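Subject: Structure for you, with notes

Hello,

Here is the structure I promised to pass on. My notes follow below it.

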Amino acid sequence: MRRLFYSAQKKSWFRWAGKVEFFAGNALFKLILQLPPVRFPLARINAGEVTVGNQWQRLYPAIGKHRGEVGLFLGCVARLTDVRTLNASIAVLNYLGYAVHVPNDQTCCGALHQHRGAINKAGLFAKKNQAAFSGSNIQAIISTASGCATQLLESGVGGDNGRIVDISRFLVFSEGWERIEIAPLAEKILVHDPCSLRNVLEGQRYPYQLLERIPGVQVEPLANNDQCCGAAGTYFIDQPEISGMLLNDKITAIRESGARYLVTSNVGCSMHIANGLYENGIEVEVLHPVTLLARQMGLEL
């Protein structure tokens, strides 16, 4: 599937088909158009050299001083559409001294199913994920998407000790930064606060704190951050008119900011906003805060 999408994107088939009336009004095709460039899973990091492959490794060993063991939740959407954030998270965690476990029998978090009323299906996913991560001696299950983290937390996948942690929060409290070299970036960075990160996880401050590790950056919140971007799981498909109005407010705020970068901590928000920017001809890069941090560490993933 990954290679199929990679080829189609490389040849611009999706963008060409999007101009055809039959596809233009199709909700599923609208979702496909939001997919960012497809990338491939991290295979290993060796002496600063990064290689990619066709599948995730079960274990990515710590680099340098060993500080602990963590698990990484991939998500069903992110493992196809936001591989660079998953790769960046593994690499940054490794360089800080954390071994990263990626169980291959983990599955969807179940959020989209629960939103559509498929409660039993979502419950089955929760049990499968709990079993997948229970076999590893890990101190936290890390998620790069706040929507997934919310579902994992609320469905009890982390158990009673609340082991579900958003990646930015985990990195803010991690040690080992003194040995990490981060290149300066003299740019304004807009931060979008996903609703799930702010209202459920209460972790909206951590992306700002993490980005402040990059010398020279000017970190600013996106205007009206207390308002939804309109993605909201499948809301942009179920209620496209209202979703479009919410998105337009974000696009206007981004355009008026003059920034070249927007970071957000939820893959659904990222895809939704990035597609809105593309359709309006606005060249602003949308990425995860950890992806930007890894880039300034010299890790293009």
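How many salt bridges does the structure hold? Five. Please keep in mind that this is a predicted model.

**Salt bridges**

Start with Glu-175 and Arg-67. Their side chains meet in a salt bridge, at 3.6 Å from N to O. Glu-175 sits in the loop between H10 and strand S8 (188-192). Arg-67 sits in the loop between strand S3 (59-60) and strand S4 (68-73). The pair therefore ties together parts that are 108 residues apart in sequence. Glu-175 is exposed, with 54% relative accessibility. Arg-67 is partly exposed, at 22%. There is also a network here: salt bridges link Arg-67, Glu-175 and Glu-178.

Next, Glu-285 and Arg-84. They form a salt bridge whose closest N and O atoms are 3.4 Å apart. This pair links distant parts of the chain. Glu-285 is in strand S11 (residues 285-287), and Arg-84 is in helix H6, 201 residues apart. Is Arg-84 buried or exposed? Arg-84 counts as buried, at 18% relative accessibility. Glu-285 counts as partly exposed, at 26%.

Then Glu-187 and Arg-260. The closest N and O atoms of this salt bridge are 2.3 Å apart. Glu-187 lies in the loop between H10 and S8. Arg-260 lies in the loop between helix H14 (240-257) and strand S10 (261-264). So this pair ties together parts that are 73 residues apart in sequence. Arg-260 counts as partly exposed, at 46% relative accessibility.

**Aromatic pairs**

A search of the whole structure finds two aromatic pairs. One of them is Tyr-98 with Phe-170, in an edge-to-face arrangement. The centres are 5.0 Å apart, and the planes are at 70 degrees. Tyr-98 belongs to strand S5 (residues 98-101), and Phe-170 to helix H10 (residues 167-172). That is why the pair ties together parts 72 residues apart in sequence. Tyr-98 is buried, with a relative accessible area of 8%. Phe-170 is buried too, with 11%.

**Nonpolar cores**

The largest nonpolar core has 50 residues. Which residues have the most contacts inside it? They are Leu-93, Leu-171 and Trp-177. Helix H6 (residues 83-95) gives the most to this core, with eight residues.

Leu-93 deserves a look on screen. Not counting residues up to four places away in sequence, Leu-93 touches Val-70, Tyr-98, Val-100, Ile-142, Ile-167, Phe-170 and Leu-171. Both members of the aromatic pair described above, Tyr-98 and Phe-170, are therefore on the contact list of Leu-93, and both are buried.

**Helix H16**

Last, helix H16 (residues 289-296). Seven of its eight residues are buried, so H16 is largely enclosed by the rest of the structure. The buried ones are Pro-289, Val-290, Thr-291, Leu-292, Leu-293, Ala-294 and Gln-296. What covers them? The cover includes H6, H10, S8, helix H12 (205-211), S10 and S11. After H16 comes Gly-298, which has a positive phi, near 90 degrees.

Best wishes

Technical notes. Residues numbered from 1 in each chain as written. Predicted model: local features only at pLDDT ≥ 70, side-chain atom pairs only at ≥ 80, totals over all residues. Heavy atoms only, no water. Phe/Tyr/Trp six-rings, centres within 6.5 Å; stacked < 30°, edge-to-face > 60°. Helix = DSSP H or I, 4+ residues; strand = E, 2+ residues; numbered from the N terminus. Buried < 20%, exposed > 50% of the residue type's maximum accessible area, 1.4 Å probe, protein only. Core = buried A, V, L, I, M, F, W, Y, C linked by side-chain atoms within 4.5 Å. Contact = heavy atoms within 4.5 Å. Salt bridge = Lys/Arg side-chain N within 4 Å of Asp/Glu carboxyl O.
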